[in-house]
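Dear colleague,

I am handing over the structure below, and my notes on it follow. Please read them with the structure open beside you.

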Amino acid sequence: MTAGVASQIQVSHTIGRGVQSGPGFNLPVDVATAPGGRLYVVSRANMAQAPRNYLRITICTIDEEYLGQFTEFGTDDAQITWPTSVAVGKDGKVFIGDEFRQDVQVFDANGDFLSKWGSKGTGPGQFDRPSGLGVDRDGNVLVVDSLNNRIQRLTPDGEYISEWGKAGSGPGEFNNPWGIAVSRQGDVYVADWRNGRIQQFDPNGGYLASYGDRDGQPRLERPAGVGVDSVGNVYASDYANHVVQVYAADGSHIKTLHGDGQLSKWAATYVAADPEMTLLRQKHPAEVEAFERPFEGPIGIAVDEEDRIIITDSVRNRLQVYQRR
């Protein structure tokens, strides 16, 4: 792959900072886009902190405007316990997957609870640790049923339609799959965590290709998230290696993103109010830059309608945003 193609993927900006509540995140694990630049971000929080309600869904824009948050820790309706994923439907409804509750909850665009569906099990419409969520070209919801090693397709109301996949390492088989993405053409991409690859399927679940497990290219160790841009480039977050690998539609490797984190607007407000922090950054700019740049535990990836790639940098409590030019 030519350097010219690699250079088309450029850093844009960083969103967020680590906070218990308000403008920021606490172990963000997934992100979904909505029209107008709106983002929904899942903060899973450290399990020891979860009872203190650090986990939540944050609503903001890609331009760093904080719009609010919803949900809190618990097992009642509209509460979350071990949230894993978020997706936005064609009508603006927000779907939240939770591997402790073993269900998917549905909210309106402002975070008001609407319904829930799913339960623990191996039957149609049941889950064992639901992880990634996606929305197909018909508006149906795709659920990565992680420990059942399958992808289930359900209506937005939770009615079972179909499924594909089984445990294994062959084409179309899974070992603890996690993230999922749907291309503009309708193909489905799944982060096959323990098999160390991204698998691509046609809209009906037919196997097409894999990425990250081919000779002559960087291998994926623990792919957690996946995104696809308008020209078919595939972005795979490798949680174990703290990088995001970028592949062309033909499977060739384009580049490795190690992270280009910088001070976000929200974080800058905090730093400006702390004279000691401001002085430290002024005295040691190179060290600060070296510390802030890298990913640490990248997980969820979303690509918006303008080909902006939004990556949840989980341990660093932020989103790193890139742009395909």
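Apart from its neighbours within four places in sequence, Asn 317 is in contact (heavy atoms within 4.5 Å) with Gly 16, Arg 17, Gly 18, Phe 25, Asn 26, Leu 27 and Pro 28. A polar atom of the Asn 317 side chain lies 2.7 Å from the backbone nitrogen of Leu 27. Asn 317 itself sits in the loop between strand S23 (308-313) and strand S24 (318-324), where strands are DSSP runs of E with at least two residues, numbered from the N terminus.

This is a predicted model, in which local features need pLDDT of at least 70 and side-chain atom pairs count only at pLDDT 80 or more, whereas totals for chains, interfaces and linings use all residues. Residues are numbered from 1 along each chain as its sequence is written, and side-chain values use heavy atoms, with hydrogens and water left out.

The second topic is strand S11. Five of the five residues of S11 (residues 141-145) are buried (under 20% relative accessible area, with a 1.4 Å probe and protein chains only), so the strand is largely enclosed by the rest of the structure. In a regular strand the side chains alternate between the two faces of the sheet. Val 141, Val 143 and Asp 145 point one way from S11, while Leu 142 and Val 144 point the other way.

S11 runs antiparallel to strand S10 (residues 130-135), to which four bridges join it (strands pair if DSSP finds at least two bridges between them), and Val 135 stands opposite Val 141. S11 also pairs with strand S12 (residues 150-154) in the antiparallel sense, over five bridges, and there the bridge partner of Val 141 is Leu 154.

Best wishes

How values were computed:
A polar contact is a pair of N or O atoms within 3.5 Å; within protein, one must be able to donate a hydrogen and the other to accept it, and residues adjacent in sequence count only if both atoms are side-chain atoms. Buried means under 20% relative accessible area, exposed over 50%, partly exposed in between (1.4 Å probe, protein chains only).
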